[in-house]
Amino acid sequence: MGQAAKVLQLFKTLHRTRQQVFKNDARALEAARIKINEEFKCNKTETSPKKIEELIKIGSDVELILRTSVIQGIHTDHNTLKLVPRKDLLIENVPYCDAPTQKQ
């Protein structure tokens with residue numbers, strides 16, 4: 001796959017992830033859309049293949065962090081916040097062990 005195709009695929013993936021992560025939050029959706037578009041426009045004229053690969057890696061890392069680490073919160077009362085976790089966030093949940101095993 002060529003670099004241009006990788007860049008376009010990353011752009012689309014970031015926007016899809018943004019829509020999932022910030023679902024039903026118009027303000028966050030708009031802010032994320034603006035930031036993604038701004039970063040891509042800022043680096044639009046980059047021609048160095050090495051630098052482009054580096055930027056693709058950074059964008060992929062950002063997409064992974066958004067998808068696996070961001071939790072949406074909804075204000076319900078004056079001092080209450082309801083968290084809305086997605087299935088992607090609950091995959092690596094390891095139960096706590098009260099009796100740790102001895103290392104040999």
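Good morning. Leaving aside its neighbours within four places in sequence, Glu63 is in contact with Thr13, Leu14 and Thr17. I begin with this residue in what is a predicted model. Glu63 lies in helix α3. Is Glu63 buried or exposed? Its relative accessibility is 9%, and residues under 20% count as buried, so Glu63 is buried.

The protein chain has three helices and two strands, and from the N terminus on their order is α-α-α-β-β. Of the 104 residues in the chain, 18% are buried. The accessible surface is about 8700 Å², and carbon and sulfur atoms hold 57% of that surface. If we take the contacts with a separation of 6 or more, 47% of them are between residues 24 or more positions apart.

I turn next to the helix pairs. Two packed helices are described by the angle between their axes and the distance between the axes.

The pair to consider now is α1, residues 3–21, and α3, residues 49–69. Their axes are 10 Å apart, and the packing angle is about 20°. Angles under 35 degrees count as roughly parallel, and therefore α1 and α3 are roughly parallel to each other. The crossing of α1 past α3 is left-handed. Which residues make this contact? On the α1 side they include Val7, Leu10, Thr13, Leu14 and Thr17; on the α3 side they include Ile52, Leu55, Ile56, Gly59 and Glu63. By class, this contact of α1 with α3 comprises 10 nonpolar, five polar and four charged residues. Glu63, with which I began, is one of the residues of α3 in this contact.

The other pair is α1 with helix α2, which spans residues 26–42. Here the axes come within 10 Å and cross at roughly 165°. Why is this pair called roughly antiparallel? An angle over 145 degrees counts as roughly antiparallel, so α1 has that relation to α2. In passing α2, α1 makes a right-handed crossing. From α1, the contact is made by Val7, Leu10, Phe11, Leu14, His15, Arg18 and Gln19. From α2, Leu29, Ala32, Arg33, Ile36, Asn37 and Phe40 take part. The contact of α1 with α2 has eight nonpolar, three polar and two charged residues.

To close, I return to α1. This helix is roughly parallel to α3 and roughly antiparallel to α2. Thank you.

Technical notes: Residues numbered from 1 in each chain as written. Predicted model: local features only at pLDDT ≥ 70, side-chain atom pairs only at ≥ 80, totals over all residues. Heavy atoms only, no water. Axes fitted to C-alpha atoms, helices over the stretch in contact; angles between N-to-C directions. Helix = DSSP H or I, 4+ residues; strand = E, 2+ residues; numbered from the N terminus. Parallel < 35°, antiparallel > 145°, perpendicular 65-115°, else oblique. Left-handed = near helix turned anticlockwise from the far one by under 90°. Contact = heavy atoms within 4.5 Å. Nonpolar A, V, L, I, M, F, W, Y, C, P; charged D, E, K, R; others polar. Buried < 20%, exposed > 50% of the residue type's maximum accessible area, 1.4 Å probe, protein only. Areas by Shrake-Rupley, 256 points an atom, 1.4 Å probe, with all protein chains shown as cover.
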